[in-house]
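This briefing goes through the structure shown below by topic. Please keep the sequence and the 3D view at hand while reading.

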Amino acid sequence: MNRGLADRLAALFEQFHPAPPTPYVLRRDVDVSGVSGTGTVAEGCYFSTAAGSAAVTRWRGEWGSTVAWDRAKGVEAVHGHGGATRIVEVPVPAMVVALTSIASLGEQRGEDPWSDGWNEALRTVCGLIEAALGAHLPVGPEGAGPTEPH
């Protein structure tokens, strides 16, 4: 089991307790105002309840601007235009759970091809997680640096 990587992922995201911020984009199917066009017209982030459930939206394009919302629900209420614009969230909290669960998987014991394949796949996936996020993760026990899958 790659407990070291799982623990480091958990420690990284624990800083955002109770949940990490949730990025989103605004996808506009119909341009009601005739100004911002269709497609992805803005990007933003919902903050956790610990940060007051606020949101920030940054509009793309020639007329770009940034709006801070005291209440996250304001984004859809003001810009949803009755379904003409959708908020598409990047499910960061679910991604955190998935990555930590993957890193927690144990290696299989045995001398059969299935075990060998499982273990190789697990080492590869944990290596990819480490390569993508390692620079952002806390070091292993006693400052030993990144931990290796075992």
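Pro-18 sits in the loop that runs between α1 and β1 (22-28). The model is a predicted one.

*Cis peptide bond*
- His-17 and Pro-18 are joined by a cis peptide bond, with omega at about 15°.
- Most peptide bonds are trans.

*Nonpolar cores*
- The largest nonpolar core is made of 12 residues. Among them are Leu-5, Leu-9, Phe-13, Val-92, Val-96, Leu-122, Ile-129 and Leu-137.
- At least two residues of this core come from each of α1 (3-14), α3 (92-104) and α4 (113-133).
- The biggest contribution to this core is from α1, which supplies 5 residues.
- Another core, of 9 residues, lies apart from the largest one, and includes Leu-26, Val-41, Trp-69 and Val-75.
- In soluble globular proteins, nonpolar side chains tend to be buried together.

*Contacts of Val-92*
- Val-92, a member of the largest core, is in contact with Pro-20, Pro-21 and Pro-23, neighbours within four places in sequence being left aside.

*Largest pocket*
- The largest pocket holds about 240 Å³ of space.
- Its lining consists of 14 residues, of which Val-35, Ser-36, Trp-59, Arg-60 and Trp-63 are the closest to the pocket centre.
- Sorted by class, the lining of the largest pocket comprises 7 polar, 4 nonpolar and 3 charged residues.

Notes: Residues numbered from 1 in each chain as written. Predicted model: local features only at pLDDT ≥ 70, side-chain atom pairs only at ≥ 80, totals over all residues. Heavy atoms only, no water. Core = buried A, V, L, I, M, F, W, Y, C linked by side-chain atoms within 4.5 Å. Buried < 20%, exposed > 50% of the residue type's maximum accessible area, 1.4 Å probe, protein only. Helix = DSSP H or I, 4+ residues; strand = E, 2+ residues; numbered from the N terminus. Contact = heavy atoms within 4.5 Å. 1 Å grid on protein atoms, 1.4 Å probe; cavity = no way out; pocket = protein on both sides within 12 Å on 5 of 7 lines; lining within 4 Å. Points joined across faces, edges and corners; volume = space filled by probe spheres on them. Nonpolar A, V, L, I, M, F, W, Y, C, P; charged D, E, K, R; others polar.
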